[in-house]
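I opened the model to look up how its chains meet. My notes follow in the order in which I checked things.

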Amino acid sequence: MARAAEVDVAGWAEAVEAYFERGWTDGLPVVPATPESIRPFLAAIGREPGDIVLTEATRRRSISAEKIAINAVMAGCRPEYMPVLLAALEAMADPAFTLHGAITSTGGSATLVVVNGPIRQRLGFNAGGNVFGPGWRANATLGRAIRLITLNCLGAQPGLLDRSTQGHPGKYSYCIAELEEANPWEPLHVTRGLSRETSAVTVFAAEGPHNVLSHYGETAEAVVVALADAMAGLGSFSPGESFIVLAPEHVQILARDGWNKPRLREALYARARRTRADLKRGGKLAGAVEPEDETRWEHRGRGPEDIHLVVAGGGAGGHSAFIPSWSRDRNSLSVTRPIRDPHQRSQTP
Amino acid sequence: MTLKILDPMVAADEATDVTVAKRVGDLDGKVLGLLHNGKVNGDRLLDLVREQLAARYRLRDVVVVHKPSASRVADPDVLDRLARECDAVVTAIGD
């Protein structure tokens with residue numbers, strides 16, 4: 001594998017401009033990547049520059065460890081984020097994710113990354129207040145590295161192979177961690193078959209988060225009504241997967257009233273539904289409304305297992321989030337992968 | 001202080017093993033394949049194509065295949081079947 005081309009520039013400020021001039025950024029300034037600065041990033045994953053770490057068959061892209069490291073430096077990552085980035089990219093390369101479609105479609109999705117396990121605290125991922133917002137380097141730069149790789153290595157540049165009609169702000173960066181300490185049930189990665197001690201990432205080709213405010217009911221029933229109503233909204237309605245990011249306050253109310261994870265998933269599936277008549281009136285289904293359409297129901301998702309629950313957010317406030325899939329059915333599914341955490345490996349005898 | 005910055009872009013791999021299929025000339029006595037890519041109305045568009053071609057040529061047979069999802073590439077089995085059974089294939093996206 002040929003090494004990355006080098007460009008000589010007069011200094012740091014000129015380097016930042018050179019990235020803009022060449023169309024190598026997301027529209028924000030990047031950290032210039034140099035042969036010296038990428039070395040610790042490669043060392044963090046124990047890879048040689050030419051090692052191919054990601055292939056995308058439809059676009060015929062073979063992406064080397066060196067290119068991943070360059071984009072990670074540009075995004076502002078620290079070298080120790082590299083195992084998380086690598087696991088996220090491996091998850092995106094799973095055929096179930098349908099990478100080429102997810103990063104191209106008019107639907108305008110972004111790759112939501114959810115980090116679980118002990119690596120969260122060690123690397124400083126935010127799972128608390130303002131979890132989707134700014135202020136945490138790990139969240140901000142890991143999500144941004146995914147975007148820069150999508151732009152620079154997968155050819156998904158706006159107007160070329162990314163044909164998003166509108167896109168959404170998560171396309172700059174869309175990375176959260178789960179506040180497992182506030183989750184009275186099991187965290188996402190455990191529900192998806194990994195041990196609690198394993199660090200993991202889950203990727204999801206996703207729309208933006210829809211706020212679900214429920215302040216005054218203070219009962220599980222009120223929280224479930226509000227969540228299911230958001231999920232049943234026509235705008236994003238489909239049989240695709242859903243991520244529900246529960247505020248600590250909401251999950252405490254649910255647990256206090258005796259709810260568990262399976263019951264919540266079942267209740268949301270049962271209630272997040274619309275008649276075929278509604279779907280036709282809203283242009284979600286083709287054809288004229290027939291009398292029987294008024295009593296024929298379609299659900300959000302194919303079953304309760306399509307509803308994924310995560311706990312994150314600040315201690316105060318009844319604000320959860322519903323995150324719909326880009327995929328309108330099975331085209332693209334969320335994928336979870338363990339992170340090869342060098343810190344944990346060194347503890348293993 | 002000069003600086004060497006690194007190119008972050010990845011180009012597509014060179015396609016290997018690409019040979020263009022033999023041209024069929026006309027479609028008289030030939031088997032036509034129609035591959036609907038899964039988008040809404042792609043099948044209707046292909047119906048019109050079929051009508052037009054059937055009016056112009058004596059087609060021996062027509063093989064119609066529906067891809068279940070526009071976002072996913074066709075299964076190799078489907079492509080193999082079209083290659084095996086058809087002389088020419090038309091595919092269409094709708095929307």
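I began with salt bridges in this predicted model. Between chain B and chain A I count one salt bridge. The partners are the side chains of B:Lys4 and A:Asp8, with N to O at 3.0 Å. I then listed polar contacts and got 19 residue pairs between chain B and chain A, both residues at pLDDT 80 or more. I sorted by class the side of chain B that touches chain A: 11 residues are nonpolar, three are polar and six are charged.

Next I looked up the extent of the interface. I find 20 residues of chain B in contact with 40 residues of chain A. The two chains, B and A, bury about 2,600 Å² between them, and 55% of that is on carbon and sulfur atoms. Which three residues supply more than any other three of the area that chain B buries against chain A? I noted B:Ile5, B:Leu6 and B:Val10, with 29% of that area.

I turned to the strands. For A:Val7, the bridge partner in E1(B) is B:Ile5, one of the three residues I had noted for buried area.

Last, I checked B:Leu48, which lies in helix H1 of chain B, residues 42-56.

Key
Residues numbered from 1 in each chain as written. Chains lettered and ligands numbered in written order. Predicted model: local features only at pLDDT ≥ 70, side-chain atom pairs only at ≥ 80, totals over all residues. Heavy atoms only, no water. Contact = heavy atoms within 4.5 Å. Buried area = accessible area lost by both parts, 1.4 Å probe. Salt bridge = Lys/Arg side-chain N within 4 Å of Asp/Glu carboxyl O. Polar contact = N/O pair within 3.5 Å; in protein donor to acceptor, adjacent residues only side chain to side chain. Nonpolar A, V, L, I, M, F, W, Y, C, P; charged D, E, K, R; others polar. Pairing = 2+ DSSP bridges. Helix = DSSP H or I, 4+ residues; strand = E, 2+ residues; numbered from the N terminus.
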